[in-house]
Structures are given as structure tokens and as C-alpha cells.
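Visitor: I'd like to learn how to read a structure like this one, feature by feature. Could you walk me through it?

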Amino acid sequence: MHTLTNTSPTTTTITTVSFHSSRIPINLRPTPHSFHSNPISTIHSKPHHILCFSQPKPSKTRNQNRTILSSPEPTQITKLKPQESKIIPFIFSISAGLFVRFLIPQPHELTLQAWQLLSIFVSTIAGLVLSPLPVGAWAFLGLTTSIVTKTSSFSTAFHAFTNEVIWLIVISFFFARGFVKTGLGDRIATYFVKWLGKSTLGLSYGLTLSEALIAPAMPSTTARAGGVFLPIIKSLSLSAGSEPNDPSARKLGSYLVQSQFQSSGNSSALFLTAAAQNLLCLKLAEELGVIVSNPWVAWFEAASLPAFVSLLATPLILYKFYPPEIKDTPEAPAMATRKLKLMGPVSKNEWIMIGTMALAVSLWIFGEAIGISSVVAAMIGFSCRDGRSIDRSWNCSLDVCQTGHVGALYSAFLAMHVASGAPGMLSALALAYNTSLFGAITHYSSGQAAVYFGAGYIDLPDVFKMGFLMALVNALIWGVVGTFWWKFLGLY
């Protein structure tokens, strides 16, 4: 029962209104595992208030006990506008390639086929930025154009799809979506909030350590950011009165977002399977003759000490240079406890996800000894789960900023290192670690950068300032701690 007080100059009428949740359609009722409605924000919604408004004096025959939804008042329904055509981005994207192809003189050193391929590449990149079509559709259009114009043959255009690493990256995104769909990633992070969330600094450490824990089994930094940690951070911030795109953002949300954003690169660098680009790095290194034996263990062993030092240092440094206004968060553990209670016991799907990832990670670590490659291990793990979320993962696998960066530059830089006489394995690993660490320098340097910046809690100047500061910190830690650690391990 809710009481509405209707006030007019001559009379005050009290109307009793009954809400019957049983009459709400099932598809409109919230569910505790709903990804788009975080339970924390539901628990801490604003309390009901007495509503005061003016209306004409009701007649004697009017029934003052009404049930909402049984006799609703007439409401004006606003039709949603259809999605606007993206014809202008389409024209600009196509024009970029045509400009390169027909208006810029072709260098004598390049064949016509190579020049056409460059123009198609320019149009593809422009389309990925301007988004005239979904990412997957635009990438496929680029492939189709290269075949139609006889720039590439069909077998050449789709040759990469026979590469084991490409399929390993795609399957990794399927695993990442499994963490989001089942709610397992959300549950793990919430436990850390419950254990460490009494202060803002402790809350940041809880979120940072929970990401490092699930990183080897959730091989997408972008998916971890948008699917697990940003929703939790937003709920905690809003409950503390820290609103996005508002001066109150500095109360709590700005610090938590910035800390998680800057820490994510070290979580991705810690494990071979923590980010898609890591797998590609070792494949490209192998093509240059640099072979890393027992790659999962070797990667973790070399990254462990500098990565852990950076993970411990990042929240504290940002706490000093980008401090939150709220220092203590005594309500956070209670919020997490209520959320876990609302989520209920670990579901069957979550247990399946735990078993699947335990199997996959075990095979990634020990599979080489029994003749099982990384991609086969991933396929075995994926076969243990259903593939209902495959469609969305295709777009993600075609939109990985750092993977594209690795594909374009990693081989060239590694070749220069090897040619100069630098130790091959150390060079391969150090460059690979760096491809994760640079992901927080700007708001466009990685997929997770766009996710965190788009949340509205950090301003663009702060992204560059803190990005530059933490880049120096990471360079110092990995350069000093890493150097001594790698010498101890015998990498040089």
C-alpha cells in the first residue's frame, strides 16, 4: 500500500493505491542475475516518498481505492525513432579509400595490387572508427571488396581463418562471454568487495586483485571491463552519491574507474591467456624463429614479479595523485553481502563454467607435455559449454585494438631486436608485455580504455595525465624490477 497526498487550495484528499506485483508481466520483472540491472543498484535505490500534486476535487462516485494496472490512466505512448541511417559515415569511409587509390600517386616501388590493398585497408580502418555498419559486417565487406577487385584471391583473403592463433583468440572471447552470462565473474568480484571494501583504497585493491584472479580464464580485457567491473564500480559509486558527468564523480567513481583502468594492463600482462594479443605475440615470435617452450608457464614466470609489484603500487599511487573525496566505504561490504544473498547459491551454470575453465587452464599449463596445443585445449573447454553466445563474440574478435597493434608492429620491432643481437626470448616477452601495458595511456589505446572513459567518471585531461604518470611508473617497475628478475631467471 502507498499513500498519495493530493493537495489543492480548498481540500486535501488522501488516496490509497495498491501495487500488486503479481499483475506485473513476467518479462518486466527484474531478475537477480540480470546483466543490465545490477542487484547492488537495485538494493540501494532511493526510498519511496509521499508524492504531492494538485488535481481537481474528486466526485463522490469516484472509487478512491484503485489498483494500478487494473484500470490505468490514459498515457501518451511515444514511438521510438528508427535507427538513423549512417550514410554520411559510409560515404566518408568509402571516400577515404577512393582518395588513396585514385588521387594519391602510386609509388613506383609498389605494385597496383599492393596499392589497391592499401586503399581497401584505409577504408576498412575508417569504417571501424566511424561505424557505418556493425564491426563484423564492415570487416566482411572489406574482405569481399578485396576479392571482387581481384586484389586478393579467396584463399588468400581467408587464409588467416586457418591460423590456430586466430581461432584461439575467437574461442577466448566465447569464454569471456561465459563469465558474463553465468554471472560468475560478477560473483567473484563481489566477494572481494565484501572482504576488502571497508575503505576506498581497500575497495580498489579488492577489484584489482579480483580481476587478476579471473584474468587467465577470461581472456578479454574489454569484456572484463564492460561485463564485470564497470557495472560494479558504477553501482558502488551511485550508492555513494558519485554521479557520472558531474562534479560528484570525484567522490568515489573517478578514482575507482581510473584505478581499475590503469591496473587492467598489468592483469593482462600477467598471464598468457589474459588477453587476446598475448597469444598472437608468441605466434608471430615463432614465425621469426623465437620459440618459447612451455609458453604458459614461461610467460607467467617472467611476468609474475614486476606485474605483482605494479598491481600493488597502482591503486596506492593513484590514491595519492588522484585521490577520492570519500576515503571510507563502510557500507560496501554490507552491500556486497546483500548482493550475494540476492544472487543466491552458485548456480549449475556457474559450476559448469568453473569446471570448464579449470580444465582449459590446466590444459594450457600442462597440455604441451601431453601433446595438446593451446587451441585444442580451448576447443575442448568450449565443447563443454553451449555456443548460444557465439554471434556477439564474432564482432568482439574483429574489434581488438591491441591485437591489431600487435599484428601491425610486433614482428617489425622483434626483428630489429633479434637483428641487433638482443636475446630472442627476452625480446619476445618484453615486447609482448608492453602491448598490454600501453592500453591505459589514452582513451583510445585499447578496448577497455573506451569502456572506462565512456562511463563518464573521468575527464579527458585526467586520462592523459594519469595515463602518462602510470606509464612512467610501469616503465620504471618493469624496467628495474623486471631486469633483475629476468637476470635471476636466466633470460639474459
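Predicted model: local features only at pLDDT ≥ 70, side-chain atom pairs only at ≥ 80, totals over all residues.

Visitor: How many helices and strands are in the chain?

Guide: There are 20 helices and four strands.

Visitor: Which residues does UniProt list under "transmembrane region"?

Guide: A word on such records: the positions follow the numbering used here, feature names are shortened, and annotations may be inferred rather than shown by experiment. The UniProt entry, which is unreviewed, lists 87-104, 116-141, 161-180, 296-318, 351-382 and 467-486. Residues 296-318 are 100% helix and 0% strand, with the end C-alpha atoms 31 Å apart. Residues 87-104 come out at 94% helix and 0% strand, and there the end C-alpha atoms are 25 Å apart.

Visitor: What share of the residues counts as buried?

Guide: Buried means under 20% relative accessible area, exposed means over 50%, and partly exposed is in between (1.4 Å probe, protein chains only). Of the 492 residues of the chain, 44% count as buried.

Visitor: Show me a case. Is Asn266 buried or exposed?

Guide: Asn266 has a relative accessible area of 0%, so it is buried. You'll find Asn266 in helix 10, residues 253-270. To list its partners we need contact, meaning heavy atoms within 4.5 Å. Skipping neighbours within four places in sequence, Asn266 touches Ala307, Ser310, Leu311, Thr314, Leu437, Asn474 and Trp478.

Visitor: And where does Gly97 lie?

Guide: Gly97 sits in helix 2, residues 87-103. Its relative accessibility is 5%, so Gly97 counts as buried. With neighbours within four places in sequence set aside, Gly97 is in contact with Ser119, Val122 and Ser123. Gly97 and Ile125 are 28 residues apart in sequence, while their C-alpha atoms are 9.5 Å apart in space.

Visitor: What percentage of contacts join residues at least 24 apart?

Guide: Among contacts between residues at least 6 apart in sequence, the figure is 75%.

Visitor: Now helix packing. At what angle do helix 12 and helix 18 pack?

Guide: Axes are lines fitted to C-alpha atoms, for helices over the stretch in contact, and angles run from 0 to 180 degrees between N-to-C directions. Under 35 degrees counts as roughly parallel, over 145 as roughly antiparallel, 65 to 115 as roughly perpendicular, and the rest as oblique. Helix 12 (residues 295-321) and helix 18 (residues 424-437) pack at about 70°, with axes 11 Å apart. That makes helix 12 roughly perpendicular to helix 18. Ala298, Trp299, Ala302 and Ala303 of helix 12 meet Met425, Leu429, Ala432 and Tyr433 of helix 18.

Visitor: How do the residues of that contact divide by class?

Guide: Ala, Val, Leu, Ile, Met, Phe, Trp, Tyr, Cys and Pro count as nonpolar, Asp, Glu, Lys and Arg as charged, and the others, Gly among them, as polar. The contact of helix 12 with helix 18 has eight nonpolar, no polar and no charged residues.

Visitor: How is helix 8 placed against helix 9?

Guide: Helix 8 (residues 200-214) packs on helix 9 at about 155°, with the axes 12 Å apart. That makes helix 8 roughly antiparallel to helix 9. On the helix 8 side, Leu203, Leu207, Ser210, Glu211 and Ile214 meet Thr221, Arg224, Phe229, Ile232, Ile233 and Leu236 of helix 9. By class, this contact has seven nonpolar, two polar and two charged residues.

Notes:
Residues numbered from 1 in each chain as written. Heavy atoms only, no water. Helix = DSSP H or I, 4+ residues; strand = E, 2+ residues; numbered from the N terminus.
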